[in-house]
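Subject: Structure for you to look at

Hello,

Here is the structure I said I would pass on. Please open it before reading the rest of this message.

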Amino acid sequence: MSSFSVGDAVVDSDGFVGRDRKQEGGAGRIAYMGPICLSKPSITWLGIVWESDMRGKNNGSLTDQNGVHVYFQCKPNCGSFVQPSKVQRCKTISEALQEK
């Protein structure tokens, strides 16, 4: 599994289509890493801000019995919380050049 950091560009493992990542709305950036209120504290989730306006399910916040928890901010329906296995980190320009 790739190691992730906040700010990394990622693609949805299910939505990646050839070179055109935007076709399926599967490109985004990590805005949050850590536990969320709707899961066990030991589980790490990635908060993703998707490039597509309708790719996500939230705006970076979740609601439980204790109220609203804001993990990051984005436009409505642009954010998602996903398991790290569901996305792939994009290579940086320097990483791509080092491979040549």
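Below is what was found in it, topic by topic.

First, confidence. This is a predicted model. The mean pLDDT of the chain is 85, and 86% of the residues reach at least 70. Residues 16–23 fall below 50, and this stretch makes nine contacts in the model beyond near neighbours in sequence. Where pLDDT is low, the predicted coordinates should not be read in detail.

Next, the strands. Strand 3 covers residues 45–50, and five of its six residues are buried, so the rest of the structure largely encloses it. Strand 3 runs antiparallel to strand 2 (residues 27–34), and six bridges join the two. One of these pairs I30 with I48 of strand 3. Strand 3 is also joined to strand 6 (residues 79–82), again antiparallel, by four bridges. There, G47 has F81 of strand 6 as its bridge partner.

F81 turns up again in the largest nonpolar core. That core has nine residues: Y32, I36, W45, L62, Y71, F72, C74, C78 and F81. Another core lies apart from it, with eight residues, including F4, I30, I48 and W50. In soluble globular proteins, nonpolar side chains tend to be buried together. Beyond its neighbours within four places in sequence, F81 has contacts that include L46, G47, N58 and G60.

Now the cysteines. How many disulfides are there? The count is zero. A disulfide is a covalent bond between the sulfur atoms of two cysteines. For C74, the closest cysteine sulfur is that of C78, at 5.6 Å. The cut-off is 2.5 Å, so this distance is too far for a bond. C74 is buried, at 19% relative accessibility. C90 is buried too, with a relative accessible area of 17%.

Last, the charged residues. The structure has one salt bridge, formed by D12 and R55, whose closest N and O atoms are 2.2 Å apart. The pair links distant parts of the chain: D12 sits in strand 1 (residues 9–12), while R55 is 43 residues away in the loop between strand 3 and strand 4 (61–64). Side chains of opposite charge can pair when their charged atoms come close. R55, at 25%, counts as partly exposed.

Regards

Definitions and conventions
Residues are numbered from 1 along each chain as its sequence is written. This is a predicted model: local features need pLDDT of at least 70, side-chain atom pairs count only at pLDDT 80 or more; totals for chains, interfaces and linings use all residues. Side-chain values use heavy atoms; hydrogens and water are left out. Buried means under 20% relative accessible area, exposed over 50%, partly exposed in between (1.4 Å probe, protein chains only). pLDDT is the predictor's confidence in each residue, from 0 to 100. Contact means heavy atoms within 4.5 Å. Two strands pair if DSSP finds at least two bridges between them. A nonpolar core is a set of buried Ala, Val, Leu, Ile, Met, Phe, Trp, Tyr and Cys residues joined through side-chain atoms within 4.5 Å. A salt bridge is a side-chain nitrogen of Lys or Arg within 4 Å of a carboxyl oxygen of Asp or Glu.
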